[in-house]
Amino acid sequence: MAPEDIKKLRQELGCTARELAGALGIEQETVLAWEHGDLFPTKRFVGMMEELRRKGPEAIPRKKRRQVATSPLQVLADPELWRLFRKLLAHPELRSTVTKLAEAYPDPTDAPPP
């Protein structure tokens, strides 16, 4: 398997070198070395990569990205929030609709302290 074949496989699977390495049970540096032509995969790994190709993108285990906690000040600094706020003030029918929609959501101030 040539370096460009490994790059093409990653594109087909929509994965990073780290994700491909994880699926193969090896280090990311090994996959990168294969892609640069510094090393070449053994027959065992070529077979594993062909199996991943057959299974498709779902065969790649993916870690969920951590969501970064947003502070209230960061939310208040968002221009989109203020654009929405201006629309709520200017359009009573929008405010009425949003009020009805918001009834299904708990008020954060009603939550018990952590």
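This is a predicted model: local features need pLDDT of at least 70, side-chain atom pairs count only at pLDDT 80 or more; totals for chains, interfaces and linings use all residues.
**Figure 1. Buried and exposed residues of helix α1.** Helix α1 covers residues 3-13, and its buried residues are P3, I6, L9, R10 and L13. Around the helix axis these residues span an arc of only 120 degrees, so they lie on the same side of α1. E4 and Q11 are on the other side of the helix and are exposed. After α1 comes G14, which has a positive phi, near 65 degrees.

**Figure 2. The contact of helix α1 with helix α3.** Two packed helices are described by the angle between their axes and by the distance between those axes. For α1 and α3, the axes come within 6 Å and the crossing angle is roughly 125 degrees. Angles over 145 degrees count as roughly antiparallel and those from 65 to 115 as roughly perpendicular, with the rest oblique. The helix α1 is therefore oblique to α3. On the α1 side the contact involves P3, I6, K7 and R10, and these meet V31, W34 and E35 of α3. Sorted by class, the contact of α1 with α3 holds four nonpolar residues, three charged residues and no polar ones.

**Figure 3. The contact of helix α2 with helix α3.** Helix α2 runs over residues 17-24 and helix α3 over residues 28-36. Their axes come within 8 Å and cross at roughly 115 degrees. The two helices are therefore roughly perpendicular to each other. The crossing of α2 past α3 is right-handed. A17, R18, L20, A21 and L24 make the contact from α2, while Q28, V31, L32 and W34 make it from α3. Seven residues of this contact of α2 with α3 are nonpolar, one is polar and one is charged.

Figure 4. V31 belongs to helix α3. Is V31 buried or exposed? A residue counts as buried under 20% relative accessible area. The relative accessible area of V31 is 0%, so V31 is buried. Leaving out residues up to four places away in sequence, V31 touches I6, R10, A17, L20, A21 and I26. Among these, I6 and R10 are buried residues of α1, and A17, L20 and A21 are part of the contact that α2 makes with α3. L81 is 50 residues from V31 along the chain, and the C-alpha atoms of V31 and L81 are separated by 43 Å.

Key:
Residues are numbered from 1 along each chain as its sequence is written. Side-chain values use heavy atoms; hydrogens and water are left out. Axes are lines fitted to C-alpha atoms, for helices over the stretch in contact, and angles run from 0 to 180 degrees between N-to-C directions. Helices (H or I, at least four residues) and strands (E, at least two) are DSSP runs, numbered from the N terminus. Angles under 35 degrees count as roughly parallel, over 145 as roughly antiparallel, 65 to 115 as roughly perpendicular and the rest as oblique. A crossing is left-handed if the near helix is turned anticlockwise from the far one by less than a right angle, and right-handed if clockwise. Contact means heavy atoms within 4.5 Å. Ala, Val, Leu, Ile, Met, Phe, Trp, Tyr, Cys and Pro count as nonpolar, Asp, Glu, Lys and Arg as charged, and the others, Gly among them, as polar. Buried means under 20% relative accessible area, exposed over 50%, partly exposed in between (1.4 Å probe, protein chains only). The arc is that of the directions from the helix axis to the C-beta atoms.
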